[in-house]
Amino acid sequence: AEDPGFPAPTGDPSVLPAGAKLDRVFDGGCRLTEGVATSPDGMVYFSDITFTAVCKDPSGKYAQAGNIWKYDPKTKETTIFRSPSGMSNGMKFDADGNLIIAEGADFGGRMLLKTDMKTGKSYILAGLYKGEPFNALNDLAIDLKGRIYFTDPRYLGWEPMNQPVQAVYRVDPDVSVHCVVPVEYPNGLALSAD
């Protein structure tokens, strides 16, 4: 029987291999999953954005603080990788296998973070631009030169918008930060091969 939560696929069937089926691999979040990234060892990481106004602990007293989950495709188990997550959103693995995380607002870190997956230590790649916090990092992409592009809109959060514009930024390997283009409500990023 078909799962009512997953409608039957429509469109071009050649996109999927013959016999492919849709599986639900996670159903334990609060509101919004984002930032799926696959590590070099095959583990799948994703953000669980827990909007503080509605996502509470079982007692109903405390707001949840965002999570990064880790899914193991071999065991089919999903476990917490980091909580609180800094309200992580977009995530990617760099060429060295480090997890790069865009942290948003609503009690989040509002910064670009690198986690060394070998040691577990995290490092701030970009937390300020011209001496002020970012608005709310959303998504990121990494080019072949190791430069990290990220979007900085504001969709939610109570914090002041410290940057005068919403924009796409770039962090170079020397960790200098550059405003690439101001754009209203920038979201996902994709880079061309060139």
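How do the residues of the lining of the second largest pocket divide into nonpolar, polar and charged?

Author: The lining divides into 10 nonpolar, 2 polar and 6 charged residues. In this count, Ala, Val, Leu, Ile, Met, Phe, Trp, Tyr, Cys and Pro are nonpolar, Asp, Glu, Lys and Arg are charged, and the others, Gly among them, are polar. The model is predicted: local features need pLDDT of at least 70 and side-chain atom pairs count only at pLDDT 80 or more, while totals for chains, interfaces and linings use all residues. Residues are numbered from 1 along each chain as its sequence is written, and side-chain values use heavy atoms, with hydrogens and water left out.

The second largest pocket is lined by 18 residues. Those nearest its centre are Asp94, Ala95, Ile142, Gly146 and Ile148. A pocket is an open set of points, on a 1 Å grid over the protein atoms alone, where a 1.4 Å probe fits and protein lies on both sides within 12 Å along at least five of seven lines; lining residues have an atom within 4 Å of a point. The space in this pocket comes to about 310 Å³, a volume being what is filled by probe spheres set on grid points joined across faces, edges and corners.

The sheets may be taken next. Strands are DSSP runs of E with at least two residues, numbered from the N terminus; two of them pair if DSSP finds at least two bridges between them; and the axes behind the angles are lines fitted to C-alpha atoms, with angles from 0 to 180 degrees between N-to-C directions. Within this sheet, β13 (residues 167–171) and β14 are antiparallel and share 5 bridges. Arg170 has His178 in β14 as its bridge partner.

Another open sheet has 4 strands in the order β1-β2-β3-β4, again with antiparallel pairing. Here β1 (32–38) and β4 (77–82) are the edge strands, each pairing on one side only. Antiparallel β1 and β2 are joined by 5 bridges, and Glu34 has Ser47 in β2 as its bridge partner. The hairpin of β1 and β2 has 5 residues between the strands, and Gly42 takes a positive phi near 95 degrees there. Strand β2 (residues 44–49) is in turn joined to β3 (residues 67–72) by 5 bridges; Phe46 has Trp69 in β3 as its partner. Finally, β3 and β4 pair over 5 bridges, with Thr78 in β4 as the bridge partner of Tyr71. The hairpin of β3 and β4 has 4 residues between the strands, and Lys76 takes a positive phi near 65 degrees in this hairpin.

Several individual residues also deserve attention. Between β4 and β5 (88–93) runs a loop that holds Pro84. Ser83 and Pro84 are joined by a cis peptide bond with an omega of about 5 degrees. Met87 is placed in the loop between β4 and β5 as well, and its phi, near 55 degrees, is positive although Met87 is not a glycine. Met87 counts as buried because its relative accessibility is 5%; buried means under 20% relative accessible area, exposed over 50% and partly exposed in between, with a 1.4 Å probe and protein chains only.

Arg110 has a positive phi of about 55 degrees and is not a glycine either. Its place is the loop between β6 (99–103) and β7 (112–115), and Arg110 is buried because its relative accessible area is 9%.

Asn138 lies in the loop between β10 (132–133) and β11 (140–142). With a relative accessibility of 7%, Asn138 is buried. Residues up to four places away in sequence aside, Asn138 touches Asn89, Gly90, Ala102, Thr151, Pro153, Tyr155 and Asn187, where contact means heavy atoms within 4.5 Å.

Cys30 is found in the segment before β1. Cys30 is partly exposed, since its relative accessible area is 29%. With residues up to four places away in sequence left out, Cys30 touches Asp48, Thr50, Cys55 and Gln64. From C-alpha to C-alpha, Cys30 and Tyr149 are 28 Å apart in space, and they are 119 residues apart in sequence.
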